[in-house]
Amino acid sequence: MPDPMAGLPPRFLRTPEAARYLGLSGRTLEKHRTYGTGPTYRKIGGRVVYAFDDLKAWADRGAKTSTSDPGKGTVLPAKKHPVLRPYAGQERR
């Protein structure tokens with residue numbers, strides 16, 4: 001019997017499934033959404049969903065090979081981070 005899902009794009013994950021995939025709590029993922037530090041998400045009919053590829057890309061930003069490896073980027077913790085902008089008319093130090 002053929003697979004009815006064959007040929008369809010990968011399904012989206014709800015917050016609990018996405019959190020399990022990342023090894024985080026659902027609450028931590030909610031905080032990441034609030035502070036803008038988490039993976040890309042979509043709202044469909046009032047529901048928050050995550051694409052598997054977006055979760056993987058976000059987690060891969062923190063990939064490192066050693067403690068001295070700067071890596072591709074940084075996965076910030078789920079808390080408010082100040083926006084570093086120079087004052088009007090002044091250069092950054």
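Let's start with charged partners: this structure holds 4 salt bridges, a salt bridge being a side-chain nitrogen of Lys or Arg within 4 Å of a carboxyl oxygen of Asp or Glu. The model is a predicted one, in which local features need pLDDT of at least 70 and side-chain atom pairs count only at pLDDT 80 or more, while totals for chains, interfaces and linings use all residues. Residues are numbered from 1 along each chain as its sequence is written, and side-chain values use heavy atoms, with hydrogens and water left out.

One of the salt bridges joins the side chains of Glu-17 and Arg-11, at 2.8 Å from N to O. Glu-17 is partly exposed, with a relative accessible area of 23%, whereas Arg-11 is exposed at 51%. Here, buried means under 20% relative accessible area, exposed over 50%, and partly exposed in between (1.4 Å probe, protein chains only).

Another salt bridge links Glu-30 with Arg-27, their closest N and O atoms being 3.4 Å apart. Both residues lie in helix 2 (residues 26-35), 3 residues apart, which is about one turn of the helix. Helices (H or I, at least four residues) and strands (E, at least two) are DSSP runs, numbered from the N terminus. Asp-60 is partly exposed at 29%, and Lys-56 is partly exposed at 38%.

Two strands count as paired if DSSP finds at least two bridges between them; strands 2 and 3 pair over 3 bridges. Ile-44, for instance, has Arg-47 in strand 3 as its bridge partner.

What makes up the largest nonpolar core? It has 9 residues, among them Leu-13, Ala-18, Val-48 and Trp-58. A nonpolar core is a set of buried Ala, Val, Leu, Ile, Met, Phe, Trp, Tyr and Cys residues joined through side-chain atoms within 4.5 Å. Helix 1 (15-22), strand 3 (47-50) and helix 3 (52-60) each supply at least two residues of this core, and the largest share, 3 residues, comes from helix 1.
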